[in-house]
Amino acid sequence: MLVLFAHPRPDRSEVNLPLFETAQNVQGVTAVDLYARYPDFSIDVDSEQAQLIAHDVIVFQHPLYWYSAPSIMKEWQDLVLEHGFAYGLHGKALHGKTFMNAITAGALSEAYSTEGMNHADLRSLLAPFEKTADLCGMRYLAPFVMYGAGRALEDSRLDIHRNGYDDLLKALVADRLDLDKATHASVLTDVLDDFILKGEAV
Ligand SMILES: Cc1cc2nc3c(=O)[nH]c(=O)nc-3n(C[C@H](O)[C@H](O)[C@H](O)COP(=O)(O)O)c2cc1C
């Protein structure tokens with residue numbers, strides 16, 4: 001399982017950096033900090049493609065920036081997801097893999113609803129990621145989200161979310177997440193316990 005992490009100012013990160021440390025400590029997870037690996041944005045396409053081939057589950061972990069991801073993730077998508085590799089007649093390298101976003105958002109959950117400030121739920125706003133996964137033949141799971149990230153520390157919500165992220169990553173590694181439920185959910189955050197299978201792996 002591969003976690004690609006992007007934060008342009010990790011020195012100022014209150015929530016993503018600790019979450020990334022959680023990912024780094026889960027056995028079976030390859031955790032990559034894209035800004036640390038490519039400080040000049042000079043992405044090694046061959047090595048990123050080889051890394052994708054070697055993993056079945058790909059997670060983009062990032063703060064929500066302008067309803068999307070920090071810019072290196074767009075650069076990474078533009079260069080790595082090539083025609084003939086990720087899509088097109090002979091581009092089947094990612095077929096059958098699983099993809100998801102693990103996101104932190106500054107706004108509260110109420111803002112991400114049809115009645116709220118953004119007039120749309122978060123999953124709908126992440127359509128470019130979902131459609132990219134679809135085009136590349138990957139299964140797209142609902143995002144794992146922390147809303148109100150700017151107040152997580154003072155509200156003592158970070159540890160709960162870190163534990164949830166740890167549970168999610170371990171379930172994905174062990175093939176114990178109900179992928180059908182996770183595909184159809186709106187977000188994974190509050191329903192996670194119901195989606196993790198306790199018995200036999202699926
Ligand atoms: C450039 C920029 C763009 C942002 N865009 C959004 C946004 O579109 N929606 C939102 O809810 N929060 C937005 N935020 C707030 C961040 O998502 C929030 O600060 C971040 O998730 C906190 O995580 P961190 O402590 O790891 O930096 C934005 C913040 C920055 C700096």
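## Salt bridges

A search of the whole structure, which is a predicted model, turns up 11 salt bridges. One of them joins Glu 48 and Arg 37, whose closest N and O atoms are 2.8 Å apart. Glu 48 belongs to helix H3 (residues 45–53) and Arg 37 to helix H2 (residues 34–37), so this pair ties together parts that are 11 residues apart in sequence. Glu 48 is buried, at 0% relative accessible area, while Arg 37 is partly exposed at 38%.

Glu 130 pairs with Arg 123, with 2.9 Å between the closest N and O atoms; here Arg 123 is buried, at 13% relative accessible area. Lys 131 and Asp 134 also meet in a salt bridge, 3.0 Å from N to O. These two sit three residues apart in helix H6 (residues 127–135), about one helical turn. Lys 131 is exposed at 52%, and Asp 134 is partly exposed at 39%.

Asp 178 is found in the loop between helix H7 (158–173) and helix H8 (179–184). Asp 178 is buried but has no salt bridge: Lys 181, the nearest side chain of opposite charge, is 4.4 Å away, and the cut-off for a salt bridge is 4 Å. A polar atom of the Asp 178 side chain does lie 3.2 Å from the backbone nitrogen of Asp 180.

## Around the ligand

The ligand is surrounded by 16 residues, and His 7, Ser 13, Glu 14, Thr 104 and Tyr 112 are the closest. By class, this shell holds 10 nonpolar, five polar and one charged residues.

An oxygen atom of the ligand lies 2.7 Å from a side-chain N or O atom of His 7. For Tyr 112, a side-chain N or O atom is likewise 2.7 Å from a ligand oxygen. The protein covers 73% of the 640 Å² of accessible area that the ligand has on its own.

Note on methods. Residues numbered from 1 in each chain as written. Predicted model: local features only at pLDDT ≥ 70, side-chain atom pairs only at ≥ 80, totals over all residues. Heavy atoms only, no water. Near = heavy atom within 4 Å. Polar contact = N/O pair within 3.5 Å; in protein donor to acceptor, adjacent residues only side chain to side chain. Areas by Shrake-Rupley, 256 points an atom, 1.4 Å probe, with all protein chains shown as cover. Nonpolar A, V, L, I, M, F, W, Y, C, P; charged D, E, K, R; others polar. Helix = DSSP H or I, 4+ residues; strand = E, 2+ residues; numbered from the N terminus. Buried < 20%, exposed > 50% of the residue type's maximum accessible area, 1.4 Å probe, protein only. Lys, Arg positive; Asp, Glu negative; His and termini not counted.
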